[in-house]
Amino acid sequence: MEIASLLTSLGTSFLIFLVLLLAFSWLSKMQVNRVIYFPNKIVKGLDVSTKSCNPFAWIVEAWQATEDEIISLAGLDAAVYLIFITTALLIMVLSAGVCLPVLLPLSKTDENYKLTLEQAKNKTAASYDDFDKFAMGNIQKTSNRLWGFAVAAYWVSFVTYFLLWKTYNHVLQLRTREQASLESKPEQFVVLVRDIPPVPVGKTRKEQVDSFFRRLYPETFETSLIVTDISEAHKVWKKLEGYRKSLARAEVIFEKSKTVKNPEGMRPLHKTGILGLLGPKVDSIDFYNEKIKDFSAKLETKQKITLIEKQVAAAFIIFNSRPAAAAASQVVHSQIADRWTVMAATEPRQILWKNLAMPFYQRMIREKIIYIIVFLAIVFYLIPITFVSALTTLDNLRKLLPFLKPVVDNKALKSILEAYLPQLALLVFLAFLPTILMILSKAEGIPSESHAVRASSGKYFYFVVFNVFLGVTIGGTLFESLKAIEKQPNSIVTLLGNSLPPNATFFISFVALKFFVGYGLELSRLVSLVIYHIKRRFLCKTEEEVEEAWAPGGFGYATRVPNDMLIITIALCYSVIAPMILPFAFVYFIVGWFVLRNQALNVYVASYESNGIMWPHMHTRILSALFLSQITMIGYFTIKKFYYSPLLLPLPLVTLVFGYVCKKCFYISFCITSMEVACNDVKEVPSLSSVVEAFTPPCIFVEDKFDDVEQFEDARSTISSRTTSINTSIA
């Protein structure tokens, strides 16, 4: 990419960011837009007055907000994500502090590119611009200047180790403080048991589970909640809820139709056919009342059948103390691995009920099959990504599509196309991935939403690294150098290595597009604003519908974290080879630091809380990015014929050892609750009925059914006997 194209990309992206920033400052002051820009505070009942006319007041608020305030308003998961952003920012700052002042002069004052062009004997020799002279590619082979780059490689690595160790310890302390809080939570008294053996003859499932755990924990076992399959009951409940919303909507329309001239109003009518376009017209209020009555009876019948006949081999075990539940979650309960599998219960809001009944070996087989599917998808997805990245370079477009020459050769259009075309092509390709990966992750039999998010995030990370970072680097070079490779096949490694520094300009433009346009749209929330006002004006009739229209949801870690990881991977891999990328990575994370803190404080409302369990995943991925960067640097030093390249070989080994030590020191505390933490005093132990209610899906919960849960009777008895089976909801 030429300097003019890079500057065009940066300048245009910056202008777009300024426009979006001004739009946010103006729109967020309007009373009607407060539900879009301050939904988190509105949900928590806080003051959302916007008296300040300063367009940068949100920056001051984001800067002054403490970690405890963020945890209070957004939860520990959001706080840990912001800590991850801070850690990445510090890695960029400390790395740039050495790489920029040391490596840039070494590169700029050498003449490798000039000598290469002078010695080239063919017209297809690569061309370089002034920007490439600030990269390691301008250092001559065997030069003593390479010592500076070797030292920088060690500096970047040890900066990353130091910051990751400190952050891991800090996040663990935050998680421990949250778990040891005086405010107890229902899940702290519960464990999940799966893979329950077949029911013995003459016993019920509940009697089997109760007798097993009462024998093991005679003093602390409280009771069990047998999981059941409620797929059919859930369908009926969803329809019932839909009719209730439709009734509320019809009643509002009827009330609004009452005027002075027509005090009785006009009862709403609708057609009962497909999409309300076909069929006879009926009175909406009478129709929905009749449907609610009908489906209420159906739901009650389904509940009875579900509770009695559809029990599965899983249950929630309730204990009377936190230490007892913590101890039970860490104990092996059967000498055979595929029976009585016990784990700590997750927060009820994030349970994937459908997966709880999945047998042990089915989960193992599904996991392996999905890993194979993902591996094949990564490999074959690389083909279209590589093709698109190669095709969308202007030189290749000119060769393949000659009729585009007038467009491509136009200087004004050329700068714009070269600046945005490859990046937009990649972003479009990546837009299709997240939903597919989340479906695959849940299909593994994972029991909780947060676990599925981590699994999906890991898959997405490898997708973006292999298909964006490696795809762009390898694809463009191979496509442009096919003839040279055909004549000299052994030169492929050298060609790929020499392509690394020139590709830095592409990634700089890519990073700039992500932080200026991406964070500009994130802050301004223009898409959400437009959708909300369209729904509010034309579709919403009830207050519930209006609230659903502006509900922001959570951060979306499954896609957000891998995209940040891609920037970290690019920055680490180019930090020594082309250190000019570090300032742009710094801007990405500093802009993100302010924008995301604002979003955490004011916008996003978490749908669940996992107490920062995402951090070990983030830590491992950063180390993976560092490992890849070290392998890349070793290969590039070898191409440069640096005789002391073996001195870099310990770096990948140190990274592996560091990851192993961190896992041994910290990771176990993210998987289970230590007895040291569990034994802390609590202000109040939750009542048994509140725990039962928390672990009962809405479609099966009947309020008066759990008024008395001290006596749990046979699940085969009548529904009036207060059976405590709880069911599996669809994922």
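The legends below describe close-up views of one predicted model.

Local features are taken where pLDDT is at least 70, side-chain atom pairs count only at pLDDT 80 or more, and totals for chains, interfaces and linings use all residues of this predicted model. Residues are numbered from 1 along each chain as its sequence is written, and side-chain values use heavy atoms, with hydrogens and water left out.

**View 1. The chain as a whole.** The chain holds 28 helices and 7 strands; helices (H or I, at least four residues) and strands (E, at least two) are DSSP runs, numbered from the N terminus. Of its 731 residues, 50% count as buried, where buried means under 20% relative accessible area, exposed over 50% and partly exposed in between (1.4 Å probe, protein chains only). A contact means heavy atoms within 4.5 Å. Among contacts in the chain with a separation of 6 or more, 82% are between residues 24 or more positions apart.

**View 2. The crossing of α4 and α24.** Two packed helices are described by the angle between their axes and the distance between the axes. Helix α4 covers residues 57-64 and helix α24 covers residues 581-602; their axes come within 9 Å and cross at roughly 85 degrees. That makes α4 roughly perpendicular to α24. The axes are lines fitted to C-alpha atoms, for helices over the stretch in contact, with angles from 0 to 180 degrees between N-to-C directions. Angles under 35 degrees count as roughly parallel, over 145 as roughly antiparallel, 65 to 115 as roughly perpendicular and the rest as oblique. On the α4 side the contact is made by Trp58, Ile59, Glu61, Ala62 and Trp63. On the α24 side it is made by Trp593, Phe594, Val595, Arg597, Asn598, Leu601 and Asn602. The residues of this contact divide into 8 nonpolar, 2 polar and 2 charged. Here Ala, Val, Leu, Ile, Met, Phe, Trp, Tyr, Cys and Pro count as nonpolar, Asp, Glu, Lys and Arg as charged, and the others, Gly among them, as polar.

**View 3. Helix α5 and its surroundings.** Helix α5 spans residues 67-74, and Ile70, Ile71, Leu73 and Ala74 in it are buried. The buried residues of α5 pack against α3 (39-43), α6 (76-108), α8 (146-179) and α24. Gly75 follows α5 and has a positive phi, near 100 degrees.

**View 4. Phe589 in the largest nonpolar core.** A nonpolar core is a set of buried Ala, Val, Leu, Ile, Met, Phe, Trp, Tyr and Cys residues joined through side-chain atoms within 4.5 Å. The largest one has 141 residues, of which Tyr81, Phe84, Ile568, Tyr574, Phe589, Trp615 and Phe637 touch the most other members. Helix α6 gives the largest share of this core, 16 residues. Apart from neighbours within four places in sequence, Phe589 is in contact with Ile85, Ala88, Leu89, Met92, Asp564, Ile567 and Ile568.

**View 5. Two residues with positive phi.** Most residues other than glycine have a negative phi, and most peptide bonds are trans. Trp340 is not a glycine, yet its phi is positive, about 50 degrees. Trp340 sits in the loop between α12 (322-329) and β6 (341-344), and counts as buried at 8% relative accessibility. Arg525 also has a positive phi, near 50 degrees. Arg525 is in the loop between α20 (492-524) and α21 (526-538), and at 7% relative accessibility it counts as buried.

**View 6. Ser524 in helix α20.** Ser524 belongs to helix α20 and is buried at 0% relative accessibility. A polar atom of the Ser524 side chain lies 2.9 Å from the backbone oxygen of Gly520. Not counting residues up to four places away in sequence, Ser524 touches Leu20, Phe24 and Tyr37.

**View 7. Thr655 and Tyr161.** Thr655 lies in helix α26 (residues 650-671) and is buried at 3% relative accessibility. The side chains of Thr655 and Tyr161 are joined by a polar contact of 2.6 Å. A polar contact is a pair of N or O atoms within 3.5 Å; within protein, one must be able to donate a hydrogen and the other to accept it, and residues adjacent in sequence count only if both atoms are side-chain atoms. Beyond residues up to four places away in sequence, Thr655 touches Tyr161, Leu623, Leu626, Phe627 and Gln630.
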